[in-house]
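User: Happy to have you here! Could you walk me through the ligand site and the confidence of this model?

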Amino acid sequence: MKDNRNNSFNNCKGIVVAIKANFLIVEISNHDLKENLVDQISKKIRLLCSRRSKLDYKGLFVDVGDVVIVESIDYKNKRAVISEVEPRKSFLKRPAVANVTQIAICISVAEPSLDIEQTSRFLLTAECASIKPIIILTKIDLIQNNDLKLYINKLKLWGYESVAVSIKNVHGIALLVDLLSKTRLTVLAGPSGVGKTSLINQLIPTLSLPTASVSKKLKRGTHTTRHVELFSIGQGSFLADTPGFNRPEIICEPSDFASLFPELRAQLINSHCKFRDCLHREEPGCGINKDFERYFFYREYLEEMINSPQSFQGG
Ligand code: GDP
Ligand code: ZN
């Protein structure tokens, strides 16, 4: 019999941090474990897991971010079996990550500079999934302080808080770590070239340590994966790196679109427009104040949704 029933640590709750082929990598933290079994700094261990077939019968899929129960833990070989999946609190479809509590959108202030449409696309993806977005303004060493203030104020008017960072002069990193540590699971998103990889390396200098043994087992380099992977940050928080998340799709009905803009949402909550099916275009009697920066983007995108609805439907 493979199970060691005498081992009191042989049934444990953990979080799926990566998926590779038919295996799932689950991180468990157990402060009671014998010292030589866990990573000395983090007191955490990553296990290569398969799934009990009863999960398939129940139709339960397991994704990165899922909280699971693992059993038959073989600490020496770092193997285990997933026997249960806890209900999800949220689910982000692309990339597939369960229980995301925050989406941090990286936008550079220069090289390349902020693009309203692209930034808004990322914000809308978060709003669509009802997950709180924050903006990380990167490469702030490339602009003057006054210009940075303009960016921060602009985003505030859109309804979003931002954190300003620079890898070049290590500005804002401690504040960002603090912010990421306050929530359970942050997905890092944003277009390529804005400095996401540099930022992750700065945020998690020990990155390769906890995943190294698993990577070796899977015969791949730590950073070469194209799948989502969760990295520990702070005490019990995680950061998801999402390569290939460049042009997010927004799956939404035209009638729900306005509620994805904080500028419009605030007005709708205070019932500035009394028509229930109003799209806030040129409808007579529409009480919405359209004098805000992203209104042109709202309109442009809305027309696109109305004219080619098939591209905005999920599936
Ligand atoms: P990614 O595509 O979003 O992962 O971006 P990378 O991390 O690969 O960075 C893209 C480029 O921006 C690289 O040449 C980096 O050296 C540069 N870069 C990243 N962060 C900063 C920063 O804070 N300041 C400046 N000046 N350049 C940066
Ligand atoms: Zn209206």
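User: How far does a polar side-chain atom of serine 198 lie from an oxygen atom of ligand 1?

Analyst: Glad to start there. This is a predicted model, in which local features need pLDDT of at least 70 and side-chain atom pairs count only at pLDDT 80 or more, while totals for chains, interfaces and linings use all residues. Side-chain values use heavy atoms, with hydrogens and water left out. A polar contact is a pair of N or O atoms within 3.5 Å, and for serine 198 the distance is 2.5 Å.

User: How much of the accessible area of ligand 1 does the protein cover?

Analyst: Accessible areas come from the Shrake-Rupley method with a 1.4 Å probe. On its own, ligand 1 has 580 Å² of accessible area, and the protein covers 69%.

User: Which residue puts a backbone N or O atom 2.8 Å from an oxygen atom of ligand 1?

Analyst: Lysine 139 uses a polar side-chain atom, 2.9 Å from a ligand 1 oxygen. The backbone atom at 2.8 Å belongs to lysine 196.

User: Is cysteine 49 buried or exposed?

Analyst: Buried means under 20% relative accessible area, exposed over 50%, and partly exposed in between (1.4 Å probe, protein chains only). Because its relative accessibility is 0%, cysteine 49 counts as buried.

User: What pLDDT does the chain average?

Analyst: pLDDT is the predictor's confidence in each residue, from 0 to 100. Of the residues, 83% score at least 70, and the chain average is 84.

User: Where does pLDDT stay under 50, with 25 contacts beyond four places in sequence?

Analyst: Contact means heavy atoms within 4.5 Å. Where pLDDT is low, the predicted coordinates should not be read in detail. The stretch with those 25 contacts is residues 208–225.

How values were computed:
Residues are numbered from 1 along each chain as its sequence is written. Chains are lettered from A and ligands numbered from 1 in the order in which they are written. A polar contact is a pair of N or O atoms within 3.5 Å; within protein, one must be able to donate a hydrogen and the other to accept it, and residues adjacent in sequence count only if both atoms are side-chain atoms.
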